Amino acid sequence: MNAIEKLKTLLIDKPLKLDCGQTISDFPLAYETYGSLNENKDNAILIFHALTGDQFVTGSNPVTNKDGWWSFAVGPNKAIDTNKYFVICANVIGGCMGSFGPSHENPKTKKIYGTDFPVITINDMVNAQINLLDFFKIKKLFSVVGGSMGGMQVLQFVSNYPDRTKTAVPIACTSSHSAQNIAFNELGRQAIAADHNWLDGKYTSKNIVPDKGLAVARMAAHITYLSKKGLQEKFGRKLQERDDLKFGFDADFQIESYLRYQGSVFVDRFDANSYLYITRAMDYFDLAKQYNGNLSNAFKKTKAKFFIISFTSDWLYPTQENKDIVIALNAIGANVGFVEIESDKGHDSFLLDVPDFLKTLKNFLDKSYTEI
Amino acid sequence: MKPEFKIISDLISKESRVLDVGCGDGILMEFLIKEKNVDVRGIEISKSKAQNCISKGLTIIEGNAEKDLEQFPDNSFDYVVLSQTLQAFLDPEKVINELLRIGKQAIVTIPNFGYWKIRLHLLLKGTMPVTRTLPDEWYNTPNIHLCTIKDFVFFSKKNKFKLSKSLALRHNRPSLIKDKNLDIKNLSSNLGIFLIER
């Protein structure tokens, strides 16, 4: 916990009315920055992280001692070049890397919130993070960028604050969580709830964690991040450190062992209740619904230049759902570009070393920056 | 740069909104920005070409014009340009109608299959013509709906499209196509350029 206590945190004293009706105030928002803000304050990029990400975009994460989640894309001379841009990323509220979340203590009851934490939405996450712009005295960002749930935040940001960014790059995302998306998230939540250590979310007080449930949730979700072809090529039916099937329920296959490993390392860095809250926020996301069923209306007030990127093998947020955003933007004559990147790596492509993706992202940002 | 791009640019007024359908590497888009300071968007089906356009700072949507034109509202552009791609569509009639719905005007250029060299090739060699503008063999050509300048003029009349300007290109020099010189232009030109309105 010591590393967590040392995180950069902005204490937000301005009350924030959440979509659920509750108002929160004096809450912490943990964030990290990379590169430096120029004198004109026009080189800032706000990056939004995905479901299990955090503010440590690149470099080394001091809590996990692992590389930042987007180290392929962000850093000196990389796609998001920190020699040029000032990158800000905050841990979403509801998260577990220092921002206000279910593992915090409720000041009224002096107990850990657990499931008494208010249900938050993508809208709430974005409204909490706008405070960072005021803190850094940035009138207008150069860009807002994010993949997956980060992309949803990009869309919500532009619709809430149409004048506060010049460009917007939603990657591998959707404007509305589909039934399939909700189904997979529900599977994860039920896995956590089925773990008898979960204790209706009050596990922290008993000093235990629902690690088995959280691991299963992660395993199931992990499958949705990969493509069938990618899995087949990487694992096929290869056996795990054995010559033949053992006729039992150990991990005979490499894919089983891989998933078990993914589950086990995840529980060390992520809080089960945060997983419930953040997946819920994603499920509630339906930007068109916020605008009476017309997605175009979400973007009517903005002059931001959009660039939308999808991946061929992403079946979690497939190209068509990304294209629906392009269509909504074109319907109002907005400035929108779109490419679909060829990749076998599934939804995870945006986090991985996919050269066409990284090159295209860099080209878009650097070219747009020269237009300022 | 294709010689027709200068002629297309001359048809377009300054600071207008333009959509380049099948914009390839974005060369026409860049030229129009430079010459006419237009607000231009492109649609391109090839991934590598679309990515190349992004690297030039052009606003481009990767997609198939055959179905992705639907997303643009009526009259959302002053001009919609279709340069030498009409013949590659499954349903050129539908595409032209879409161009005229999206754009106040459309600029369509077609490789003229009535050009004398093409006629001669077929007459003398008896095989499908392969030329500089139509470099593919019959079995691998994307050009499945080739037509002549005359065909296109008849097609426009039948559909009651107004041909505001019809130009024929010969040795990279444009000349006007009129009713009385149609047969000659159809024989002597390798490219037709049409400014169309509904």
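Here is a short chat about a predicted model and the words used to describe it.

Reply: Before we start, residues are numbered from 1 along each chain as its sequence is written, and chains are lettered from A and ligands numbered from 1 in the order in which they are written. Because the model is predicted, local features need pLDDT of at least 70 and side-chain atom pairs count only at pLDDT 80 or more, while totals for chains, interfaces and linings use all residues.

Me: Why are α2(A) and α3(A) called roughly perpendicular to each other?
Reply: The axes of α2 (residues 122–135) and α3 (residues 149–160) of chain A cross at roughly 65° and come within 9 Å. Angles of 65 to 115 degrees count as roughly perpendicular (under 35 is roughly parallel, over 145 roughly antiparallel, the rest oblique), so α2(A) and α3(A) get that name.

Me: Which residues of α2(A) and α3(A) meet?
Reply: Among them are A:Ile122 and A:Val126 in α2(A), and A:Met152 and A:Phe157 in α3(A). To be in contact, two residues need C-beta atoms, placed from the backbone, within 7 Å. The residues of this contact divide into five nonpolar, five polar and no charged. Nonpolar means Ala, Val, Leu, Ile, Met, Phe, Trp, Tyr, Cys and Pro, charged means Asp, Glu, Lys and Arg, and the others, Gly among them, are polar.

Me: What makes A:Leu199 partly exposed?
Reply: A residue is buried with 20 or more other C-beta atoms within 10 Å of its own, exposed with 12 or fewer, and partly exposed in between; C-beta atoms are placed from the backbone. A:Leu199 has 15 such neighbours, so it counts as partly exposed. A:Leu199 sits in the loop between α4 (179–194) and α5 (211–225) of chain A, and its phi is near 50°.

Me: How do you know whether A:Asn292 is buried or exposed?
Reply: A:Asn292 has 7 other C-beta atoms within 10 Å, so by that rule A:Asn292 is exposed. Its phi is positive too, about 55°, although A:Asn292 is not a glycine. Most residues other than glycine have a negative phi.

Me: How do you know that the radius of gyration of chain B agrees with a compact globule?
Reply: The radius is taken over C-alpha atoms, and the globule rule is 2.2 Å times the number of residues to the power 0.38. For 198 residues that gives a value near 16 Å, and chain B has 16 Å, so the two agree. Buried residues make up 42% of chain B.

Technical notes:
Axes are lines fitted to C-alpha atoms, for helices over the stretch in contact, and angles run from 0 to 180 degrees between N-to-C directions. Helices (H or I, at least four residues) and strands (E, at least two) are DSSP runs, numbered from the N terminus.
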